[in-house]
Amino acid sequence: MSFQVMMEQLAGGLMKSISIFLLTLLFSLPLGLLVSFGRMSKNRIIRSVVWVFISILRGTPLMLQLLAVYFGPYYLFNLKIGSTWRFTAIIIAFSVNYSAYFAEIYRSGIESMPPGQYEAAKLLGYSRSSTFMRIIFPQVVKRILPSVTNEVITLVKDTSLAFSLAYAEMFTIAKQIAAKETSFMPFIAAAIFYYVFNAVVAFLMERIEKALNYYT
Amino acid sequence: MKKYLAGMLCAVMVVSSLGFAAMADETESFGVDGLATEGTLVVGFDAEYPPYGYMDDNGDYTGFDLELAEAVCQIEGWELVKTPIDWDSKDMELNSGNIDCIWNGFTMDGREDSYTFSVPYVDNSQVICVSDDAGIASLEDLEGKIVGVQADSAALTLLEEGGDQADLAATFGELQQFADYNTAFAELQAGSLDAVAIDVGVAQYQIKGREGYSILEESLNSEKYAVGFKKGNQNLADIINDDLAILYDEGIFDELAEKYEIADMVCLGESLGFELGDDLEVETETEAE
């Protein structure tokens with residue numbers, strides 16, 4: 001296999017990894033906020049249910065969760081799962097798993113806000129929702145960005161777990177080329193791809209951090 | 001109110017899923033051709049298993065088994081979907097209908113109760129592959145050595161407790177499981193493994209790409225490769241058996257075996273009831289239709 005073909009194959013795999021990455025972020029970031037509300041709910045039942053949810057998702061391997069989401073419909077309900085379900089299941093499993101981590105990050109940010117701000121907002125006549133949206137949340141975003149960057153970078157590398165559902169993302173492609181060539185070279189190439197991808201992610205996150213660095 | 005709405009939603013989801021479980025039909029039915037999706041043969045294979053299934057120079061999946069599957073699809077007018085799977089999950093993939101068959105140097109011996117098989121087409125054996133300078137010349141020399149094997153493979157079944165070669169495995173220093181043979185060979189090269197238990201065809205491919213390795217003359221067993229279908233899917237097995245007979249008759253099967261350098265291992269002719277070298281007269285009624 002020529003070097004060029006190898007690069008093309010890995011780039012194709014990288015696109016698959018990126019699609020998992022982007023879709024997971026798209027769904028897990030809002031979902032995580034929702035989960036964090038549940039975690040901080042005044043209703044004890046909701047609070048406990050969400051606590052259990054987070055505890056399970058953080059306490060079991062993502063690979064296991066992928067298998068559960070993908071094969072669950074068949075083994076639990078005997079439903080035939082078509083080929084389109086493969087990618088959907090990956091996105092569901094990744095999004096739900098990452099929402100649990102993001103929820104706790106959101107919570108750390110929201111709970112770090114001094115109560116005085118809520119009181120001042122109330123005096124100024126802000127409703128509860130606009131207090132959150134206009135005053136609290138923008139500050140929370142600033143505070144949690146470094147932790148979010150951590151999770152996002154982990155996500156880039158976690159995309160390789162998708163192969164447990166036979167989804168040929170970049171690392172799988174690298175393994176297949178390595179098997180064909182009986183060489184370790186493809187792994188080095190894959191490492192460089194991952195590194196560059198993550199460097200771009202880290203750079204963008206830093207830019208966002210800087211852009212939000214007002215008032216300081 | 002919103003809080004309770006969320007709670008109710010959860011409750012509804014749980015109850016409805018239980019309902020689904022109760023309604024789910026326990027009986028399994030296979031279509032006339034036994035395919036999950038009409039007109040599409042989804043083949044599950046390990047893409048790290050040359051020469052049977054692997055990625056070729058152009059980045060496409062190919063191999064002896066996949067080309068055979070391609071030829072079968074040409075006869076039937078099916079579309080072939082090559083799905084590289086995680087070998088450890090092959091049963092789940094097959095049972096849930098994501099793949100129609102496992103066609104990938106799949107050993108049938110010892111698995112007869114778990115799958116429905118086609119006619120065997122390759123005579124395989126499990127062998128031990130060693131580094132030339134390790135000083136291992138026979139199975140006895142493996143005493144106290146570290147031996148690598150692929151997880152969930154036929155070689156592992158042999159060496160595990162209850163397997164035919166369990167007594168031999170008991171003399172090993174350690175039996176280590178690997179997800180793929182490429183890693184196992186890298187460890188063999190690096191010296192952290194003394195030997196690898198492996199299918200002979202794959203061993204030959206691996207040795208070709210590396211220097212200083214050989215296969216022990218004594219093999220662990222002899223066994224046969226066949227296409228594996230979900231237990232009970234006789235319809236699909238019958239169709240593919242007929243097609244294999246046609247491909248054998250037309251000489252395509254032997255051409256492919258030559259191409260992938262496993263001509264000395266194929267056994268489809270014998271399985272179909274011919275003596276090698278005989279003039280072949282195969283019933284090809286499927287073709288006439």
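1. In this predicted model, buried residues make up 43% of the 289 residues in chain B. Chain B has 11 helices and 14 strands, and when its contacts with a separation of 6 or more are considered, 76% of them are accounted for by residues 24 or more positions apart.

2. Strand β1 (residues 40-45) of chain B deserves attention in this context, because five of its six residues are buried and the strand is therefore largely enclosed by the rest of the structure. β1(B) pairs with β5(B) in the parallel sense over six bridges, and within that pairing G44(B) has T83(B) as its bridge partner. With strand β6 (residues 101-102) of chain B, β1(B) also pairs in the parallel sense, over two bridges; here the bridge partner of V43(B) is C101(B).

3. Turning to the contact between the chains, 35 residues of chain B are in contact with 29 residues of chain A. On the side of chain B that touches chain A, at least two residues each are supplied by α1 (2-23), β3, β5 (79-84), α3 (90-95) and α6 (181-190), and α1(B) gives the most, with six residues. The residues on this side of chain B divide into 15 nonpolar, 11 polar and nine charged.

4. β3 of chain B, one of the elements supplying residues to the side that touches chain A, also belongs to an open sheet of three strands, which has the order β2-β3-β4 (chain B) and antiparallel pairing. In this sheet β2 (48-49) and β4 (61-62) of chain B stand at the edges with a single partner strand each, so that one side of each is left without a neighbour in the sheet. The antiparallel pairing of β2(B) with strand β3 (residues 53-55) of chain B runs over two bridges, and the bridge partner of E48(B) in β3(B) is Y54(B).

Terms used. Residues are numbered from 1 along each chain as its sequence is written. Chains are lettered from A and ligands numbered from 1 in the order in which they are written. This is a predicted model: local features need pLDDT of at least 70, side-chain atom pairs count only at pLDDT 80 or more; totals for chains, interfaces and linings use all residues. Helices (H or I, at least four residues) and strands (E, at least two) are DSSP runs, numbered from the N terminus. A residue is buried if 20 or more other C-beta atoms lie within 10 Å of its own, exposed if 12 or fewer, and partly exposed in between; C-beta atoms are placed from the backbone. Two residues are in contact if their C-beta atoms, placed from the backbone, lie within 7 Å. Two strands pair if DSSP finds at least two bridges between them. Ala, Val, Leu, Ile, Met, Phe, Trp, Tyr, Cys and Pro count as nonpolar, Asp, Glu, Lys and Arg as charged, and the others, Gly among them, as polar.
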